[in-house]
Amino acid sequence: MENDLPQRREAAGLSQGELAEAVGVTRQTINAIERDRYDPSLELAFKLAAHFECHVEDIFQPEETDD
Amino acid sequence: MLDTIGVDTDRPGRARRVYYRVVYAIVAVAIVGLLAGMVVGRELIGTVIYCAGVWLGSGIAFLAPRLTDVPLQDERDTELYNRASGLTLGILFVGGLSIIPVIYVLEAAGSIETPPEVTGAILLASGLFLVWGVAFGVVKRR
């Protein structure tokens with residue numbers, strides 16, 4: 001799953017720790033999501049979308065395949 | 001709870017570090033206590049220190065995330081634990097499935113004599129799978 005979380009977070013002037021605190025997870029989890037090493041649960045994805053006042057699919061997109 | 005032991009809960013990263021350090025330190029003291037008891041011939045005291053440390057560390061690890069709003073563990077930690085547990089069980093399962101029947105057959109044929117350590121390891125692995133099966137059944141019904 002690809003995402004533009006780093007761009008949105010930086011545009012909002014937030015650190016990873018501040019965003020993590022806002023959505024109730026650890027900084028390491030935000031870091032892992034931003035580096036595409038962890039796909040968040042639906043609950044967390046909706047929390048992130050609510051925080052940035054957008055839809056989940058605005059932040060997260062399925063990875064493009066060659067098929 | 002973390003408030004009461006002087007952790008700054010306004011800084012979740014620091015609170016999380018303190019939480020892990022406290023738990024690991026208590027368990028480390030427990031293990032050192034057990035080993036020290038064996039070395040100096042005070043096995044009973046070492047065992048008491050070990051049990052107290054493990055129970056205290058486990059208690060803090062279990063209760064602290066439930067008694068504070070600070071995210072000490074989150075969904076990613078849970079997924080990591082689940083993946084590591086699955087990998088461990090998978091390795092044990094494949095290893096056990098390929099080794100245990102061979103040991104039984106060779107022992108029955110009189111080709112080998114199973115040492116008690118191996119029998120103990122087989123029983124331990126079997127017990128682990130039994131506990132896992134029961135836990136899986138409980139979790140599935142909840």
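Two residues are said to be in contact, or to touch, if their C-beta atoms, placed from the backbone, lie within 7 Å. The model shown is predicted, and local features need pLDDT of at least 70, side-chain atom pairs count only at pLDDT 80 or more, and totals for chains, interfaces and linings use all residues. Residues are numbered from 1 along each chain as its sequence is written, while chains are lettered from A and ligands numbered from 1 in the order in which they are written.

View 1. A:Leu48 touches A:Leu5, A:Val23 and A:Ile59, when residues up to four places away in sequence are not counted. From A:Leu48 to A:Val23 the C-alpha to C-alpha distance is 6.7 Å, although 25 residues separate the two in sequence. A:Leu48 has 24 other C-beta atoms within 10 Å and is therefore buried, a term that requires 20 or more such atoms, whereas 12 or fewer make a residue exposed and counts in between make it partly exposed.

**View 2. The largest nonpolar core, with 9 residues.** A nonpolar core is a set of buried Ala, Val, Leu, Ile, Met, Phe, Trp, Tyr and Cys residues joined through C-beta atoms within 7 Å. The members are A:Leu5, A:Leu19, A:Ala20, A:Val25, A:Ile30, A:Ile33, A:Leu44, A:Leu48 and A:Ile59. Two or more residues come from each of H2, H3 and helix H4 (42–51) of chain A. Another core, of 6 residues, lies apart from this one and includes B:Ala15, B:Val18, B:Tyr19 and B:Val70. Back in chain A, A:Leu19 is in contact with A:Arg9, A:Leu14 and A:Ile30, leaving aside its neighbours within four places in sequence.

**View 3. The fold of chain A, with 5 helices and 2 strands.** Helices (H or I, at least four residues) and strands (E, at least two) are DSSP runs, numbered from the N terminus. Read from that end, the elements follow the order β-α-α-α-α-α-β. Chain A has a radius of gyration of 11 Å, close to the 11 Å that the globule rule gives for 67 residues, so it is as compact as a globular protein of that length; the radius is taken over C-alpha atoms, and the rule is 2.2 Å times the number of residues to the power 0.38. Of the 67 residues in chain A, 21% are buried.

**View 4. The contact between chain A and chain B, with 12 residues from chain A and 7 residues from chain B.** On the side of chain A that touches chain B, helix H2 (16–23) and helix H3 (27–34) of chain A each supply at least two residues. The residues on this side of chain A comprise 5 nonpolar, 5 polar and 2 charged, where Ala, Val, Leu, Ile, Met, Phe, Trp, Tyr, Cys and Pro count as nonpolar, Asp, Glu, Lys and Arg as charged, and the others, Gly among them, as polar.

**View 5. The two domains of chain B, domain 1 (3–67) and domain 2 (75–141).** These bounds come from an automatic or database domain assignment, and the centres of the two domains, taken over C-alpha atoms, are 28 Å apart. Chain B contains 4 helices and 0 strands. Its radius of gyration is 21 Å, well over the 14 Å that the globule rule gives for 142 residues, so chain B is more spread out than a compact globule. Buried residues account for 13% of the 142 residues of chain B.
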